[in-house]
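Please look at the sequence and the model together before reading on. The text below walks through them in order.

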Amino acid sequence: MSRLLITALILAAFATSASAQDRYGPPPPPPPQSAGPDDNTHFGWADVLRVDPVYGVSRVETPRQECYDQQVVTRQQGSGSTAGTILGAVVGGVLGNTVGKGDGRKAATVAGAVAGGVVGNNVSRSGDRTYEGTETRCRDVSSVTEQRRIAGYDVEYRYRGEVYVSRLNYDPGERLRVRVSVSPAD
């Protein structure tokens, strides 16, 4: 009967430790006992009670290009081509030659050629044109946005019955490794 009782107690102890292990996960590896020049420092594990993220605001400047269409008017002036002047002079000279007689014919031909040249030049210049259209214009602008980011974590934890608060740059989870240093109070 006593063997049966001892076996039952061993099984109950094993089940309790397995249940605790399932609840908290596998036990953490033992921390190193020495951490520096002084032997009064050791490591332990604290239970994390609360983790509060601490936010900070960062400004981000983003350059970009802003484009828009703008109406434009372009004027092209006729240049008065040489061909128009020559053609007008020839036509004017022929007409002047038909009008005059004798020495007046030569004067009429010259006058007709000069007048025809001026008229031909003006006609060739009358090709002034106006064009309307759109051009795309762009300019560089930068927009500033503020982004809220996590700057750290305020962690409240318990070590050997005492409650402590520290700001960390990471979320430690359920347990926090702590360094314990003991020195005499002066």
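The paragraphs that follow go from the whole chain to single residues.

This is a predicted model, in which local features need pLDDT of at least 70 and side-chain atom pairs count only at pLDDT 80 or more, while totals for chains, interfaces and linings use all residues. Residues are numbered from 1 along each chain as its sequence is written, and side-chain values use heavy atoms, with hydrogens and water left out.

The protein chain has three helices and four strands. Helices (H or I, at least four residues) and strands (E, at least two) are DSSP runs, numbered from the N terminus. Along the sequence, these elements come in the pattern α-β-α-α-β-β-β. Of the 186 residues in the protein chain, 16% are buried. Here buried means under 20% relative accessible area, exposed means over 50%, and partly exposed lies in between, with a 1.4 Å probe and protein chains only. A contact means heavy atoms within 4.5 Å. Among the contacts in the protein chain with a separation of 6 or more, 76% join residues 24 or more positions apart.

How confident is the predictor in the protein chain, as a mean pLDDT? The mean is 77, and 66% of the residues reach 70 or more; pLDDT is the predictor's confidence in each residue, from 0 to 100. Confidence is lowest in helix α1 (residues 2-24), with a mean of 55, and highest in strand β3 (residues 162-168), with 95. Over residues 17-25 pLDDT stays under 50, and the model has two contacts beyond four places in sequence for this stretch. Where pLDDT is low, the predicted coordinates should not be read in detail.

The next topic is the interior. A nonpolar core is a set of buried Ala, Val, Leu, Ile, Met, Phe, Trp, Tyr and Cys residues joined through side-chain atoms within 4.5 Å. The largest one has 10 residues: Ala46, Val48, Tyr153, Val155, Tyr157, Tyr159, Leu168, Leu176, Val178 and Val180. At least two residues of this core come from each of β1 (41-76), β2 (129-159) and β4 (175-181). Strand β2 gives the most, with four residues.

Tyrosine 157 belongs to strand β2 and counts as buried, at 11% relative accessibility. Beyond four places in sequence, tyrosine 157 touches Ala46, Leu49, Tyr164, Leu176 and Val178, among others. Arginine 50 is 107 residues from tyrosine 157 in sequence, yet their C-alpha atoms are 7.0 Å apart. Valine 178, counted in the same way, touches residues including His42, Phe43, Trp45, Ala46 and Tyr159.

The structure holds one disulfide, a term for a pair of cysteine sulfur atoms within 2.5 Å. Its partners are cysteine 67 and cysteine 138, with their sulfur atoms 2.0 Å apart. Cysteine 67 lies in strand β1 and cysteine 138 in strand β2, so the bond ties together parts that are 71 residues apart in sequence. The disulfide is right-handed because the torsion about its S-S bond is about 105°. Both ends are partly exposed, cysteine 67 with a relative accessible area of 43% and cysteine 138 with 40%.

Two arginines sit over aromatic rings. A charge counts as lying over a ring if NZ of Lys or CZ of Arg is within 6 Å of the ring centre and within 35 degrees of the ring normal. Arginine 148 lies over the face of tyrosine 55, at 3.9 Å from the ring centre. Arginine 177 is placed over the face of phenylalanine 43, at 4.2 Å from the ring centre.

Now for the loops. Most residues other than glycine have a negative phi. Aspartate 171 is in the loop between β3 and β4 and is partly exposed, at 45% relative accessibility. Beyond four places in sequence, aspartate 171 touches Val51 and Tyr153.

Glycine 117 lies in helix α3 (residues 103-125) and is buried, with a relative accessible area of 10%. Leucine 87 is 30 residues away from glycine 117 in sequence, with 7.2 Å between their C-alpha atoms.
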